[in-house]
Amino acid sequence: MRVAVTGATGLVGHHVAAAALAAGHEVTAVTRLGRSLPDRLAALGAVRRLGAELTDATSLARALGGAGGIDAVIHCAAVYSYAPSTVTELTDVNVTGTRLVLEAAADAGATRAVVTSSSVTCGSGLLPVERTERDHLGSEPVPAYYASKVRQEREALDVAARTGLDVVLALPTVVLGGPFDRLGPSNAIVLRYLLDPTRSTFPGGCNVVDARDAGAGHVTLLEHGEPGERYLLGGDNVTWRTLHALVADLAGIPQPVAELSPGVAWLASAAAEAWASVTSTTPLSTREEATTVGRHYWYSSDPARALGYAARPAREAVAASLGWLAVSPDLPRVVRESLRLRPEVRAARPLQPRAVPDPSGGDGDTASAPVTPRRRPPRPAPPRRRPSPR
Ligand SMILES: NC(=O)c1ccc[n+]([C@@H]2O[C@H](COP(=O)([O-])OP(=O)(O)OC[C@H]3O[C@@H](n4cnc5c(N)ncnc54)[C@H](OP(=O)(O)O)[C@@H]3O)[C@@H](O)[C@H]2O)c1
């Protein structure tokens, strides 16, 4: 199929583009106007690029309509953030942007779409019980991001009903791994434990999925998903204590000790936000995010598995996250040097081949030709210039 992928410069979208290419589809990455393909994406080979603003129907129509025809869109682009400053953007991009992308795709001749929602739309519980696609958010207080994903799902199904586009909803759980330019809230969970001198953990838990599996899962849904259905794409359900213990074991640092109550976690997040505002940085956690402490975000992915979806164990997903964090500027050097990473951590981060320059020059916003990779150099360059950890 000729598939347009939005958000391909992000964590999930990168792996969606890679998996779609590997499955033999023709991939066009739809990026922000003026944004060139990152090296890591160009290095996959044969990815075309088109520029469009997700909140602008005209630019989307021009991009998708001028793509030389598309059969499907996989819409991964979204604002994934718990920062209070993003509330308006959450509606504009996650809700309105989804409607505009799907309408433009339908107008451009696409007949099928996969929209990346989130497992959080299935809610959470105080008890360690798996939830399914039949569950929904309850009346618990939720971050604005969660509410935007619920509204995104409704908007997507509404466009499907109006246009006849077959829309399948993909609901990844906590996606770990890389590559990433910008640290997202999911890998920040792992980073927070590395940075926490108190080695605290929390009550409750989550479900984690390796970014590679989340990407492949989207392609499974593109090919086999039932229109109108939601599919959870998760891996193992773990308590926060188990997750932090995995981080500790793989990074060679102390195991978690104290369990912070939701109230203390909230206060710690308030302090993180205050510090971030003083230093003009992004907070590592927010009070909104801390409202999720004590709950179980545990999910079953049985319907997707029945279509062929598979996910690796939590340990491998955490190893991948650590592998990318170890070369990220988000990890302070002093902390990096204190880690004793297990070999499986380094093995979980493939070396990135050097990209072939985008023949369009990178900032053209019309269709650029597919980028065909040269033969890989014998010693591929690492993705960032920072020194690798020991
Ligand atoms: N990561 C997770 O744990 C997780 C879990 C469940 C669901 N999800 C969902 O998965 C999807 C992708 O998340 P991610 O983790 O890959 O996030 P990410 O790494 O932050 O990537 C977000 C992508 O969306 C693009 N984007 C954001 N705002 C845009 C705008 N106004 N116009 C054009 N492009 C825009 C970004 O482009 P730039 O690179 O140019 O900024 C980037 O390509 C989202 O729908 C998210 O809700 C993620």
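Buried residues account for 53% of the 390 residues in this protein, and the model you're looking at is a predicted one. The fold has 14 helices and ten strands. Take the contacts between residues at least 6 apart in sequence: 79% of them join residues at least 24 apart.

**Confidence**
- Mean pLDDT for the protein comes out at 89, with 89% of its residues at 70 or more.
- Residues 366–390 are a stretch where pLDDT is below 50, though the model still gives them 56 contacts beyond near neighbours in sequence.
- Residues 354–364 also stay under 50 in pLDDT, and here the model has 24 contacts beyond four places in sequence.

**Around the ligand**
- The ligand has 24 residues around it, and the ones that come nearest are Gly7, Gly10, Ala77, Ala78 and Ser186.
- Two elements give two or more residues to this shell: helix 1 (11–22) and strand 7 (174–176).
- Helix 1 has the largest share, with three residues.
- Sorted by class, the shell holds 13 nonpolar, eight polar and three charged residues.

**Helix 3, with its buried side**
- Helix 3 runs over residues 57–65, and its buried residues are Ser59, Leu60, Ala63 and Leu64.
- These four sit on the same side of helix 3, because the arc they cover around the axis is only 115°.
- The background is simple helix geometry: with 3.6 residues a turn in an α-helix, residues three or four places apart point the same way.
- What do the buried residues of helix 3 pack against? Their partners are strand 1 (2–6), strand 2 (26–31), strand 3 (47–51) and helix 4 (87–107).

**Helix 12, largely enclosed**
- Helix 12 covers residues 314–325, and at 1.5 Å a residue its twelve residues should span 16 Å. The C-alpha atoms at its ends are 16 Å apart, so the model agrees with that expectation.
- Eleven of the twelve residues in helix 12 are buried, which means the rest of the structure largely encloses it.
- The buried set takes in Ala314, Glu316, Ala317, Val318, Ala319, Ala320, Ser321, Leu322, Gly323, Trp324 and Leu325.

**Glycine 323, inside helix 12**
- Glycine 323 belongs to helix 12.
- Why does glycine 323 count as buried? The reason is its 22 C-beta neighbours inside 10 Å, where the cut-off for a buried residue is 20 or more.
- Setting aside neighbours within four places in sequence, glycine 323 is in contact with Val345, Arg346, Ala348 and Arg349.
- Glutamate 344 lies 21 residues from glycine 323 in sequence, and their C-alpha atoms are 8.7 Å apart.

**Glycine 204, in a loop**
- Where is glycine 204 found? Look in the loop between helix 6 (185–195) and strand 8 (205–210).
- Glycine 204 is buried too, as 22 other C-beta atoms lie within 10 Å.
- If you leave out residues up to four places away in sequence, glycine 204 touches Trp240, Val293, Gly294, Arg295 and His296.
- Glycine 204 and glycine 125 are 79 residues apart along the chain, with 8.9 Å separating their C-alpha atoms.

Definitions and conventions. Residues numbered from 1 in each chain as written. Predicted model: local features only at pLDDT ≥ 70, side-chain atom pairs only at ≥ 80, totals over all residues. Expected span 1.5 Å × (residues − 1). pLDDT = per-residue confidence, 0-100. Contact = placed C-beta atoms within 7 Å. Near = placed C-beta within 6 Å. Nonpolar A, V, L, I, M, F, W, Y, C, P; charged D, E, K, R; others polar. Arc of directions from axis to C-beta.
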